[in-house]
Every structure is written in C-alpha cells, then in structure tokens.
Amino acid sequence: MGMLKIRQQPWFEAVYKVGVGIKGLDGFLELAAGLLLLISPHTLHVLLGAIVNGAGHHHGHVTHFVATSIAHLDDDLARSGLTFLIIFLIGHGIVKLALVYCLLRRILWAYPYALGVLSLFLVYQLYALARDPSSVGMWLFTILDIVIIWLVWGEWKDLKESERKGRK
C-alpha cells in the first residue's frame, strides 16, 4: 500500500490527531517541568535521589541500570547547572504547544514551520543517539517523531490539495 493510499484510509485522521496530541502532551509536560524547576530547582535533585534510593532496595539488573542512569543524570545536572535545562524545557514546551494548536486548527501556513521545527528536534535526537545509542527512551521519542513528521507532512499535502481544488 503506497503512502497516498495510507493517508486516504479512514483511520489516518484519527492517528494524525493522536500523534499530534501526544506531542501536545509532551509539550505540556516539558513546560510544566521547566516551570517547576524554575520555581523550585532543588525539587529535581530530591526527586531523582528518591528514585535512586527506592531502586536501591530492589535487586535486579534492570533496576540497577535505571538507578545508575538516574544517578548519572543527577550528577550531570549538578555539574552543568539547571539553567540550560530550564530554558530548554520551557522553550521546547511552548514551541510544541503552539505548533500543536496550529496543526489541530489546520492553520495551513504553520505546517512548514512545524515540519522545520520537528525536523530540528529530530536532528538533535539523532545527535543524542549517536553519542549514546543505549538510550531506549530517546529511541522511542525519535521513532515517534519520525512518524509524527510523516503524519504532519501528509496532512499538509492533503490540506494544500484541498485548498487548490477549492480555488478552481
């Protein structure tokens, strides 16, 4: 089944809205996390420490891996400071929420910008994966973003075609 045929399936619109909705939820969570860190920067250290301590009471390879990864993240954040993370989360969250709003409202001029921004996020994720290919979460977000870019591109093409036919 070709790409055009897939986009013409009745379920495509629902998958598109769910994919964009996931991006909206992700943007909301990033914005909320950034604002929480801005208001109470010590909260992240306390939360990560509690997770590591809780995981230390369980014995298993996966639990040890998660605890070690979280402890490493906490150390990295303590060394580099939270300013970049706060700015990144708030900026990323606002951009995603604005794009989701425009995409769900079918604001045609926003689609190229959405594709550009989503592609930039994807490039960053690919860079992060090249540096640390063991990050399962980053792999999942990268695959999700590739699907969402494809969905947005298909929706944009369909909207442009509908608009072109409407002008005739």
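These legends describe close-up views of a predicted model. Local features need pLDDT of at least 70, side-chain atom pairs count only at pLDDT 80 or more, and totals for chains, interfaces and linings use all residues. Residues are numbered from 1 along each chain as its sequence is written, and side-chain values use heavy atoms, with hydrogens and water left out.

**View 1. The largest nonpolar core has 18 residues.** A nonpolar core is a set of buried Ala, Val, Leu, Ile, Met, Phe, Trp, Tyr and Cys residues joined through side-chain atoms within 4.5 Å. Buried means under 20% relative accessible area, exposed over 50%, and partly exposed in between (1.4 Å probe, protein chains only). Y16, V20, L103, Y111, L118 and V152 have the most contacts inside this core. At least two of its residues come from each of α2 (12–39), α5 (83–104), α6 (110–131) and α7 (136–167). Helices (H or I, at least four residues) are DSSP runs, numbered from the N terminus. Another core, of six residues, lies apart from it and includes L31, L37, L82 and I90.

**View 2. Surroundings of Y111.** Contact means heavy atoms within 4.5 Å. With neighbours within four places in sequence left aside, Y111 is in contact with Y16, L103, R106, V152, E155, W156 and L159.

**View 3. The crossing of α5 and α6 is left-handed.** That term applies if the near helix is turned anticlockwise from the far one by less than a right angle. The two axes come within 10 Å and cross at roughly 145°; axes are lines fitted to C-alpha atoms over the stretch in contact, with angles from 0 to 180 degrees between N-to-C directions. From α5, the contact uses H92, V95, K96, L99, C102 and L103; from α6, A110, Y111, Y113, A114, V117 and F121.

**View 4. Helix α5 and its cover.** Buried residues of α5 include I86, L89, I90, G93 and V100. Among the elements covering the buried residues are α2, α6 and α7. The 22 residues of α5 should span 32 Å at 1.5 Å a residue, and the end C-alpha atoms are 32 Å apart, which agrees. The expected span is 1.5 Å times one less than the number of residues. R106 follows α5 and has a positive phi, near 55°.

**View 5. Q125 in helix α6.** Q125 is buried, with a relative accessible area of 7%. Not counting residues up to four places away in sequence, Q125 touches M138, F141, T142 and D145. Of these, T142 and D145 are among the buried residues of α7.
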